[in-house]
Amino acid sequence: MKPPSGAQPLLELRGLRKSFGASEVVRGVDLAVVPRELVFVIGPSGSGKSTLLRMCNRLEEPSAGEIWFEGQNILAPGTDLNAVRRRIGMVFQSFNLYPHLNARDNVALALIHVLKQPREEAHARAVESLRKVGLGDRGEAKPAELSGGQQQRVAIARALALEPAIVLFDEPTSALDPELVGSVLAVLRELRSAGMTMMVVSHEMGFARGAADRVVFMESGRILADGPPETIFGAGAPQRIREFVASVEHR
Amino acid sequence: MEALISGFFNLQILTEAAPYLAQGLAMTLMLSLVAVPLGLAGGLALALASTSRSRLLRWSAVVYTDLFRAFPPLVLLLFVAFGLPFLGFKPPAFIAVAIAFLLNTSSYYGEILRAGIESVPGGQHEAARATGLGRWQSLRYVIVPQAVRNVVPDLISNTLEVVKLTSIASVVALPELLYTARQVQSVTYNASPVIAAGLIYLVLLWPLVRLLSRYERQAVSIR
Amino acid sequence: MQGLIDTFFNIAVMAQYLPKVLEGMVITVLLAIAVVLTGLALGFVLAVVRSAGLRVVNVLIVLFADVFRAVPPLVILITIYFALPTVGLRFTGFESAWIGLSLVLAAFAEEVIWAGILSVPRGQWEAARSSGLGFAQAMRLVILPQALRLTIAPLTSRAIVITKNTALASVVAVGEILYQAQAAYSFSYNPSPLTLGAIAYLVLFIPLVWLGRWVETRFAWKR
């Protein structure tokens, strides 16, 4: 997999491995993401794609390999992990909004305590962030009062507010009712047009076809294919991948 | 270090004290074996009373429970132990202690069981009545079994408390474990018996404490 | 009937010893507040330390919690006041009661708060740390607010139980209510002071029982 010529990778994974006890879940993955790219990672469950994603901000610690982000090896001892995590945003399958805070405070929390912004400024930015995901007027609402799609959009606003260099999405729509998925995908599309670098683990094939710059297919801890959507979804794609795509879209 | 061992873990004194401590332990166990069933029975009666249709019964149950949960057990014990003789009864120490314990523990068990009964969905009672079971039958075969199952951790926790509570009987000279330990201590001027008593309680109750820890974690997450 | 009143509710005797009992109430309240503050604080610190995940420290914390939940409070008080002097550590009655009851409350509080912390979904940690918050920040801003909501009810009821245990301090010569009442009883050979003491306790603790019940219902199903 070669990055588009000339572009320097923002995030580069080299020979990444992860074992849980005796079972090796990620078996030597090389992957590079250049700025403004939307990389889509697909594959059967158990293929290690979520684990791979979670290693990128060290929520899971790799067993072997290197991760280079913005030119530095973030696995090196002495790395300021909190500083790195300010630059890498993460959106989770189960949203993980803070239930005891309203939407605005969910978004503003890191602004105040990580970026050390004054309260008013943080609140203003938070509301602006919410506006970008279409929820500017719901700042006062607690997570429990919002639908799943709205909660996920707040989660995205929360990740965006820190103005990260890249946002990681771990199956962002898998926990949503079908009719709410569209609203979240719309936000992803907008982010892409605005030039945000994104890595998305997901089953949303239609979205991948239309919006992804690159699609990566993983199985059993390895990358089997990595290229523009046509190479994965087109007629020339390997048998295994075509089977997988068909089985998912059949749902 | 030397002083610690001879002061707290003096083998010679402990060997001499062992038979007395054993008797004390037996008394502690006997007291527990009396207090727990009595308390449970009383508690069940209270819990059932609090579900009664009679407002008087419900109200009495609440007053009783609040009263004996507010009363420190040691105070209650002394009240019973010193007060009864003035009323003309001169019961042996064990009976006085048992009475005080009954009053105290039944209010705690009662509160736990009442909460347990309330936690059983109302639909259970309706379903039981719909199949023709009478009120008492529904309570006995459907509600109470579920109620108890729901509050097992709290029941265990309270039982643990009751066994620990037996130590206050030492204040009225009932020869349970703590009393015997203190007796030996005052005679030998050595604290080893008391330390040993503490260790015996620890060994006796540690499994319950571990069990309770596990339950507590589940309970908090379910809440 | 008259005899009963003369014995247990003798106004003259009660009036005579009322000042002493009132003094005792002050001590009871002071001791209770001191114990609750230090006990909860220590339990809180231990629970937070435990979540940092250092294995050796955690084993010690669990050991501490198990010991102080398995051994009866009275045994602990007596050990501190009567046994420790034999190895050179001398504490006053009040200090012994304060230390002993605080340690007991801390042990229970640590377990409850720990269970609360555990029950906060892992995703909350991940979301907080993913946005660059440090361990302490994540704890303070995200985890603890959620954990503590679940623990308020059990903590309140534990704290109330411990405040009633202040009566045990009378055994180590602390001049709280029971001590004064007992002294008055032995001087006057009339149990009315004991009744007075009982009333004093009820005045202090029935509101606490109501508070506990209110807290229980208010926070019961809040998630």
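Okay, so when I talk about an axis today, I mean a line fitted to C-alpha atoms, for helices over the stretch in contact, and angles run from 0 to 180 degrees between N-to-C directions. Helices (H or I, at least four residues) and strands (E, at least two) are DSSP runs, numbered from the N terminus.

One heads-up: this is a predicted model, where local features need pLDDT of at least 70, side-chain atom pairs count only at pLDDT 80 or more, and totals for chains, interfaces and linings use all residues. Residues are numbered from 1 along each chain as its sequence is written, while chains are lettered from A and ligands numbered from 1 in the order in which they are written.

Let's begin with chain A. Helix H5 (residues 148–160) of chain A packs with helix H6 (residues 178–193) of chain A at an angle of about 20 degrees, their axes 8 Å apart. Angles under 35 degrees count as roughly parallel, over 145 as roughly antiparallel, 65 to 115 as roughly perpendicular and the rest as oblique, so H5(A) and H6(A) are roughly parallel to each other. Who makes the contact (C-beta atoms, placed from the backbone, within 7 Å)? On the H5(A) side we have Gly148(A), Gly149(A), Gln152(A), Arg153(A) and Ile156(A), and on the H6(A) side Leu180(A), Ser183(A), Val184(A) and Val187(A). By class, that's four nonpolar, four polar and one charged residues. For the classes, Ala, Val, Leu, Ile, Met, Phe, Trp, Tyr, Cys and Pro count as nonpolar, Asp, Glu, Lys and Arg as charged, and the others, Gly among them, as polar.

Now over to chain C. It has nine helices and zero strands, and its C-alpha atoms fill a box of roughly 75 × 45 × 25 Å along the principal axes. Of its 223 residues, 52% count as buried, meaning 20 or more other C-beta atoms lie within 10 Å of a residue's own; exposed is 12 or fewer, partly exposed is in between, and C-beta atoms are placed from the backbone.

And its neighbours? With chain B, 39 residues of chain C are in contact with 41 residues of chain B. H9(C) gives the most to that side of chain C, with eight residues. By class, that side has 28 nonpolar, seven polar and four charged residues.

With chain A, 15 residues of chain C are in contact with 17 residues of chain A. Here H6(C) gives the most on the chain C side, with six residues. The classes on that side are five nonpolar, eight polar and two charged residues.

Conventions. Two residues are in contact if their C-beta atoms, placed from the backbone, lie within 7 Å.
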